[in-house]
Amino acid sequence: MINGSSLLSIEHVSKDFYGNIVLHDVSFDLHEGEILGLVGENGAGKTTLMHILFSMPVIAETGGFQGSIKIEGTEVHFESPFDALDAGLGMVHQEFSLIPGFTTTENIVLNREPMRPTVLNDVFGDRMSVLLRDKMRERAEKAINKLGVNLDPDMLVSEMPVGHKQFTEIAREIDREQTRILILDEPTAVLTESEAEVLLQTLKRLASEGIGIIFISHRLQEVLSIADRIVVLRDGHLVKDTPNQNINLRDVASWMVGRTIAGEEDRYQLRSFVDIALNVRNLWVDMPGETVRDVSFDVHKGEIFGIGGLAGQGKLGIPNGIMGLFPAGGEVLLDGKPVPLNNPAMALAMGMGFVSEDRRGVGLLLDESLEWNIAFTALQIHNQCLKRMLAGLFTQRDEKAMEELCQEYVKLLDIKCTSTKQKAKELSGGNQQKICLAKAFAIKPQLLFVSEPTRGIDVGAKKLVLDALHHYNRDFGTTIVMVSSELIELRSICDRIAIVDEGRIAGILPPTADISEFGLLMSGAAMEEAVNA
Amino acid sequence: MRNIKTFIQDFGWPRIIIFLFLVGLFIMAPFVQVRLDASISDVLNRFGQNAIMVLAMVPMIQSGCGLNFGLALGLVSGLLGATLSLQLELHGMIGFLSAIVLAMPFSILFGWIYGKLLNRVKGEEMTIAMYVGFSFIMFMCIMWLVLPYDNPTMVWGYAGKGLRTTISVENYWLHVLNNFLAIKIGEFFIFPTGLLLFVALFAFFMWVFLRTKTGTAMTAVGSNPDFARASGVDVDKMRTISVIVSTFLGAVGIIVYEQSFGFIQLYTAPNAMVFPAVAAILIGGASINKASMVNVVVGTILFQGLLTMTPSVINSLLHTDMSEVIRIIVSNGMILYALTRKMKVSK
């Protein structure tokens, strides 16, 4: 399939954001008429690479990048995304950038409309030109035909099914005559299976006309079915650049997630459990961006249960739904007793705790003292730190008890602060996270949901947070459900790990399972295929 | 030096400037033949008159509903209570207290409806509140004419129905608080003990209330509603409670004001009471989601001090009436200043 010369060369590209390396010496070529599948986990550096290609402002603002980019052998330096477009790069985004009130035609030729000058042009310039509607339509139809799909040029974007929107975006990119390189970022994420199939066929057609395509997707099957070559990024490194021959899903999956961390294995200590602490049956949660469709699982008493999966697949929706923070339905039983959904106070009163993934938004009272942050939930739910006055007529905050409670956890979790009266916003991310944990520990939950506990905190603090969870589980027998995008973390601390994909549980694995199996589940490959592969 | 710097930062430049200006006015007063003792007595009196209306701002600020620009609902409840107590011919302390008790059901009802409304417009509370206040005052302009009051001291003489714009409480409960345990020193200085005690009592109630479980929850709602919800607090309920408490305090505030001022002012008069109360608490150093008793006391003294001293001192100095102009500049300027600082609240 690989024919012709190198269309785009990425040579030794490195990029760091304030010392945090996200791309490290990445080099690969894209040839004419080639489809290149670019795969990697969240945070592997795919998006940053695309930002560099299009010289998005964010790259220049954070100090540029090292290495060079060549198009047809000549090095290019784009000043802005517009230069990249002029040089023949086209990009189809995951989120649609279309104008809903415009028709297909108008969207396809937007800002490149064929125009006829009028007399007013002499005074007001180009803005007063007249659009040539029939020419516009002609061009749109040409682009649509090139795609080989059935799109109505006069339909409003707002009335289209999602699949058509995706095709409109692609048509817009190929209407640009100079477009020779097309980059698609998760183009099939919003499509149904049959729509995705049509899209893949279209891409093959475009490639056969000599356009080079970079196809970014986490659906590995799709990548395997259309790519000529596969490039795998992991933690900013290019780990594999191989023609798509004789490789299977399992290989790609393990390249994608396969990391070995020294010492990680010691933590495995398989335990077995009998009693069930939490039954979840047919749970759905309407959490924007993290929709849970139909999830059923059991959590044993005393275990650490991990929930993993890629961003946006619904793993965060599970704890948020059970704790009543987003509209949810289905059946949840805690120790056999039904948990009323959509009622945070009841969920807490029944003995469940929650450490939110949105630390600054939901987890903390940034403008209040540490005492308030730690004691507040316990005060509201268990009437802790409250003094009864005048024979129970009214209550008063017991500030001394609040301080003591806070001191206890500052010592226990080694929270770095100048005093317990310090405001939460003044602490570092890692210490803020510990405050969130302390808040949840303070209500003495039987079952604790911890959502993304290590997001946005540095490596040292990560370890402390995980250790705190580990000890809390061992010392008090608290059941912990930990949701995280970091598979290594889940594998280092959990007894069992469920992987969520498209709002459903794709499978539950022991932490000792082969990494490729986790990769397969995350990539939307069904269980059976994983077994057969 | 460092201490002075942090003090200035905490206290804020606007407050310091107003404070220095006020001190300047007091220093100038004797030179323009304005008696200092009478002035101080005046300031104390006006502080007592207005403090509870300023205090009414606290619960809504704490619960994150912003400044209560709809305080007029509370004021109208107070006016209803006051007029009803006159209608029932209740005199003295009984009359004053019954006015408060009679105002209570109205303030709870109005506050509840107003709270429900504000829960539907989260983020835009202050704008909506202002229009609720304006339109409710206009609605009451009709009601004051229509309601079947018939006490001759209250209704228009020629028609025998419809309430007058100003009603004297002289024969009912004028100065019941001001004269309670009042200390008179010399010819011009009166210390309004009862009035200040009453204010202190309400400030204490508020302090206690904010430290109860409910009050704590309310403060958390104002600080971060998502946090409060995740901790099992019913955010909308807390907000509604804060609005009801605020409305009730508005009612008490206007009744206290009337017993000291001597008149019940109806129709569009409540319009003139809302902005000074908002400005006072802001001068006191409250932000739009944090307020304390100190803010109330400091703010009311500064604002009312300014209002008392500028007419007497500046007018004697310039021989022209500048007081109203200064009042408007200070109160609206202060509100403007506080609203532009809105962004400084961390989220």
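This is a predicted model: local features need pLDDT of at least 70, side-chain atom pairs count only at pLDDT 80 or more; totals for chains, interfaces and linings use all residues.
## Chain A at a glance

Let's start with the layout of chain A. It holds 20 helices and 24 strands, and its C-alpha atoms fill a box of roughly 90 × 60 × 45 Å along the principal axes. Of the 533 residues in chain A, 46% count as buried. If you take the contacts in chain A between residues at least 6 apart in sequence, 67% of them join residues at least 24 apart.

The chain is split into three pieces: domain 1 (1-88 + 179-187 + 200-262), domain 2 (95-177) and domain 3 (269-511). Taken over C-alpha atoms, the centres of domain 2 of chain A and domain 3 of chain A are separated by 50 Å.

## Where the chains touch

On to the place where A and B meet. Chain A brings 25 residues to the contact and chain B brings 16. On the chain B side, the elements giving two or more residues are helix H9 (213-223) and helix H10 (225-230) of chain B. H9(B) has the largest share of that side, with five residues.

What classes of residue make up the side of chain B that touches chain A? There are five nonpolar, seven polar and four charged residues on it.

Nonpolar side chains tend to be buried together in soluble globular proteins. In this model the largest nonpolar core has 246 residues, and those with the most contacts inside it are A:Ile213, A:Phe215, A:Ala375, B:Met57 and B:Ala277. Helix H11 (residues 235-261) of chain B gives the largest share of this core, 14 residues.

Setting aside neighbours within four places in sequence, A:Ala375 is in contact with A:Gln384, A:Cys385, A:Met402, A:Leu405, A:Cys406 and A:Ala442.

## A helix pair in chain B

Two packed helices are described by the angle between their axes and the distance between the axes. For helix H6 (residues 92-120) and helix H7 (residues 125-146) of chain B, the angle is about 145 degrees and the axes are 10 Å apart. The crossing of H6(B) and H7(B) is right-handed.

Which residues do the meeting? From H6(B) come B:Tyr114, B:Leu117 and B:Leu118, and from H7(B) come B:Glu125, B:Ile128, B:Ala129 and B:Val132. By class, the residues of this contact are six nonpolar, no polar and one charged.

Elsewhere on helix H6 of chain B sits B:Ile94. B:Ile94 and B:Val176 are 82 residues apart along the chain, and their C-alpha atoms are separated by 9.6 Å.

Why is helix H12 (residues 271-283) of chain B described as largely enclosed by the rest of the structure? Because ten of its 13 residues are buried. The buried residues of H12(B) include B:Met273, B:Val274 and B:Pro276, along with the run B:Ala277, B:Val278, B:Ala279, B:Ala280, B:Ile281, B:Leu282 and B:Ile283. One of them, B:Ala277, also shows up among the residues with the most contacts inside the largest nonpolar core.

After H12(B) comes B:Gly285, with a positive phi near 105 degrees. B:Ala286 lies in the loop between H12 and helix H13 (293-318) of chain B. Is B:Ala286 buried or exposed? It counts as buried, because it has 25 C-beta neighbours inside 10 Å. Leaving out neighbours within four places in sequence, B:Ala286 is in contact with B:Ile61, B:Ile281, B:Ala291 and B:Asn295. B:Ala286 and B:Gly12 are 274 residues apart in sequence, with 11 Å between their C-alpha atoms.

## Two positive phi values in chain A

Most residues other than glycine have a negative phi. A:Glu72 has a positive phi near 50 degrees, and it is found in the loop between strand E4 (66-71) and strand E5 (74-75) of chain A. A:Glu72 is partly exposed, with 14 other C-beta atoms within 10 Å.

A:Asn246 is not a glycine either, yet its phi is positive, about 55 degrees. Its place is the loop between strand E12 (237-243) and helix H10 (249-257) of chain A. A:Asn246 counts as exposed because it has 7 other C-beta atoms within 10 Å.

Note on methods
Residues are numbered from 1 along each chain as its sequence is written. Chains are lettered from A and ligands numbered from 1 in the order in which they are written. Two residues are in contact if their C-beta atoms, placed from the backbone, lie within 7 Å. Helices (H or I, at least four residues) and strands (E, at least two) are DSSP runs, numbered from the N terminus. Ala, Val, Leu, Ile, Met, Phe, Trp, Tyr, Cys and Pro count as nonpolar, Asp, Glu, Lys and Arg as charged, and the others, Gly among them, as polar. Domain bounds come from an automatic or database domain assignment. A nonpolar core is a set of buried Ala, Val, Leu, Ile, Met, Phe, Trp, Tyr and Cys residues joined through C-beta atoms within 7 Å. A residue is buried if 20 or more other C-beta atoms lie within 10 Å of its own, exposed if 12 or fewer, and partly exposed in between; C-beta atoms are placed from the backbone. Axes are lines fitted to C-alpha atoms, for helices over the stretch in contact, and angles run from 0 to 180 degrees between N-to-C directions. A crossing is left-handed if the near helix is turned anticlockwise from the far one by less than a right angle, and right-handed if clockwise.
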